[in-house]
Amino acid sequence: MGSPVVLGIESSCDETGAGLVRDGRLLGHALASSMDEHARFGGVVPEIAARAHVHALTPVVRRALDDAGLRAADIGAVAVTTGPGLSGALQVGLAGAKGLAYALGVPLYGVHHLAGHVAADTLEHGPLPDPCMVLIVSGGHTSLLLVRDLARDPIVHLGDTIDDAAGECFDKVARVFGLPYPGGPAIDRAARAGDPRAVSFPRPLASSSRPLTSGAHDTRFAFSFSGLKTAAARWAERHRAAGGPLPLADGAASLQEAVADVLTRKAVAACAEHGVRTLVVVGGVAANSRVRSLADERCAAAGITLRVPPLRLCTDNGAMIAAVGDLLVRAGAAPAPLDVSIDPSAPLEYASLHPVAGAGARQA
């Protein structure tokens, strides 16, 4: 008999997702977004997001089951995002997952949201090579990770953002440029008509060389997009102060090029230094057309295999959480305790995340 069907539930931000996975194969999934309700505020409003999850969770699970041609009784395990994310939003998803697991008499697994993004690629391209390099680029996170067995081994951080993440930079600059929320897709669309060489925006922490002194902080694989955000904002302010029209397409294309350049340069350098032949690019910003094309170009030149999930699996979704749950079940991982809670600021250490309120526990 094969592995059980795993239901995955994602509710860390403004998308309510449910997915069903068995033996590494996506059976069905559904998604509801409250993005339109946040757009007029220029960003996600936590209370609005939490209320939207309350209304959407049950219908989304039903739609995922219908998409898979399954019934609730076919579910053999439930996986749910327990962090990081918005506290109220995470609580809604966890409460729903606990209720379903209890009612069905099946085990519950807590999952780290970012590990879900990593696992999303397995639904399209199969098991991850051991080892592989993973570049996570999203609205709140930008990290370079060395990943071995995702279900069993600790995840090694080679570098993280020290201030704004890549997606956060896109969102904030888009607002200055007068583009709608979410900023990433808006920047991508505007950039299509622009010249990526029109504006010489900085490449923060672009160097991949080793620190010159023994006590220096190693930033070879770290990221910083706050300075780039400020440079783009000042460029727009100068144009407006001069009374001329803002060359929006050129600004968007140049910003996008700067972000893609830094991300892909560091990722390929990390692969070379650690002898890794596969780069996996995941997260919402992995949907950016220039990030994808430049990663493909540079990986091909370096002899590195590039894996990027399809667009529908780049942004937050329940299928990616189900994929982690499926890996944990097949690895024989212990289910979450009955008093599992959430950790809105959990660092990515392992794929499973079983925090218990008041116990200071972050790990499985």
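The talk below takes the labels one at a time and sets values against cut-offs.

Modeller: This is a predicted model, so local features need pLDDT of at least 70 and side-chain atom pairs count only at pLDDT 80 or more, while totals for chains, interfaces and linings use all residues. Residues are numbered from 1 along each chain as its sequence is written, and side-chain values use heavy atoms, with hydrogens and water left out.

Colleague: Is C132 buried or exposed?

Modeller: Buried means under 20% relative accessible area, exposed means over 50%, and partly exposed is in between (1.4 Å probe, protein chains only). C132 is at 0% relative accessibility, so it counts as buried. C314 is also at 0%, so C314 counts as buried too.

Colleague: What makes G93 buried?

Modeller: Its relative accessible area is 0%. G93 sits in helix α3 (residues 87–104). Helices (H or I, at least four residues) and strands (E, at least two) are DSSP runs, numbered from the N terminus.

Colleague: Which residues does G93 touch?

Modeller: Leaving out residues up to four places away in sequence, G93 touches I9, S11 and V80. Contact means heavy atoms within 4.5 Å.

Colleague: How far is G93 from R189?

Modeller: The two are 96 residues apart in sequence, and their C-alpha atoms are 32 Å apart in space.

Colleague: Why is S138 called buried?

Modeller: S138 has a relative accessible area of 9%, so it falls under the cut-off. S138 lies in the loop between β6 (132–137) and β7 (142–147). Beyond its neighbours within four places in sequence, S138 contacts A165, A166, G167, E168, G284 and V285.

Colleague: What makes D164 and K229 a salt bridge?

Modeller: The rule asks for a side-chain nitrogen of Lys or Arg within 4 Å of a carboxyl oxygen of Asp or Glu. The closest N and O atoms of D164 and K229 are 3.0 Å apart, so the pair qualifies. This pair links distant parts of the chain, 65 residues apart: D164 is in the loop between β8 (156–160) and α6 (166–177), and K229 is in helix α8 (residues 226–241). Both D164 and K229 are buried.

Colleague: How many salt bridges does the rule give?

Modeller: The count comes to 15.

Colleague: How do you know that R265 and D261 form one?

Modeller: Their closest N and O atoms are 2.6 Å apart, so they meet the rule. Both lie in helix α9 (residues 248–274), four residues apart, about one turn of the helix. R265 is at 33% relative accessibility, so it counts as partly exposed. D261 is at 7%, so D261 counts as buried.

Colleague: What about R330 and D326?

Modeller: Their side chains meet at 2.8 Å, N to O, in a salt bridge. Both are in helix α11 (residues 318–330), four residues apart, about one turn of the helix. R330 is partly exposed because its relative accessible area is 41%. D326 is buried because its value is 1%.

Colleague: Which residues do salt bridges with shared partners join into one network?

Modeller: D164, E168, K172 and K229.

Colleague: What makes α7 mostly covered?

Modeller: Seven of its nine residues are buried. They are G183, G184, A186, I187, D188, A190 and A191. These buried residues pack against α6, α9 and α10 (289–302).

Colleague: Which residues make the contact between α7 and α9?

Modeller: The axes of helix α7 (residues 183–191) and α9 come within 7 Å and cross at roughly 115 degrees. Axes are lines fitted to C-alpha atoms, for helices over the stretch in contact, with angles from 0 to 180 degrees between N-to-C directions. From α7 come I187, D188, A190 and A191, and from α9 come L248, A249, A252, A253, L255 and Q256.
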